Amino acid sequence: MHRIVSGMGGLLLACLVASDGVAAEPDAASHARSVKDGVYTEAQALRGEAAYRAHCIDCHGEDLRGGHMTPSMVGIGFAFRWRNRDLHDFYEGMRTTMPQSAPGGLSADVYADLVAFILARNGYPAGDAELPSETDSSRGIVIEAEF
């Protein structure tokens, strides 16, 4: 059955439906940790908010919902794209492609702070330790999301 769904997120969904494909998702149970375990601190998320306002807001918007050509960093858009994926994939994707004008142009600490801010805005709890800026430190942390 084919169905037309509007929007960029809908494009991916329409492709999956049209091809009768099923998106493969890693097994969440195989991960030792989850973003629901509190993998960042409130202070880190606050620094991430400042970095977001300085480097990301023009494209992704005040509400983090993106726009015509930019993906949403919150809600169903975020959940659909990143559900049951490794936080490392999200971190590395951001680090290697953003900001669009200078991919990889921010410090590792700023990227970790941005990830913390986005996790906070998606309702994931803060914890007692900061998300480290070393890229491998986010491996094995699953992004659990319900939609």
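Three aromatic pairs are present in the structure, a pair being two rings of Phe, Tyr or Trp (its six-membered ring) with centres within 6.5 Å, stacked if the planes are under 30 degrees apart, edge-to-face if over 60 and tilted for the rest. One of them, formed by F78 and F90, is edge-to-face, at 5.4 Å centre to centre and 85° between the planes. This pair links distant parts of the chain, since F78 belongs to helix α4 and F90 to helix α5, 12 residues apart; helices (H or I, at least four residues) and strands (E, at least two) are DSSP runs, numbered from the N terminus. The ring centres of W82 and F90 lie 5.1 Å apart with planes at 75°, so this pair is likewise edge-to-face. F78 and F90 are both buried, as is W82, where buried means under 20% relative accessible area, exposed over 50% and partly exposed in between (1.4 Å probe, protein chains only).

The model is predicted: local features need pLDDT of at least 70 and side-chain atom pairs count only at pLDDT 80 or more, whereas totals for chains, interfaces and linings use all residues. Residues are numbered from 1 along each chain as its sequence is written, and side-chain values use heavy atoms, with hydrogens and water left out.

Leaving aside residues up to four places away in sequence, F90 is in contact (heavy atoms within 4.5 Å) with M73, F78, W82, V115, I118 and I143. The buried residues of α5 are packed against α4, β2 (85–86), α6 and β3.

Seven salt bridges are found in the whole structure, each a side-chain nitrogen of Lys or Arg within 4 Å of a carboxyl oxygen of Asp or Glu. In the bridge between R47 and D113, the closest N and O atoms are 3.1 Å apart. R47 lies in helix α2 and D113 in helix α6, so the pair ties together parts 66 residues apart in sequence. R47 is partly exposed, at a relative accessible area of 36%, whereas D113 is buried, at 8%. A network of salt bridges links R47, D113 and E130.
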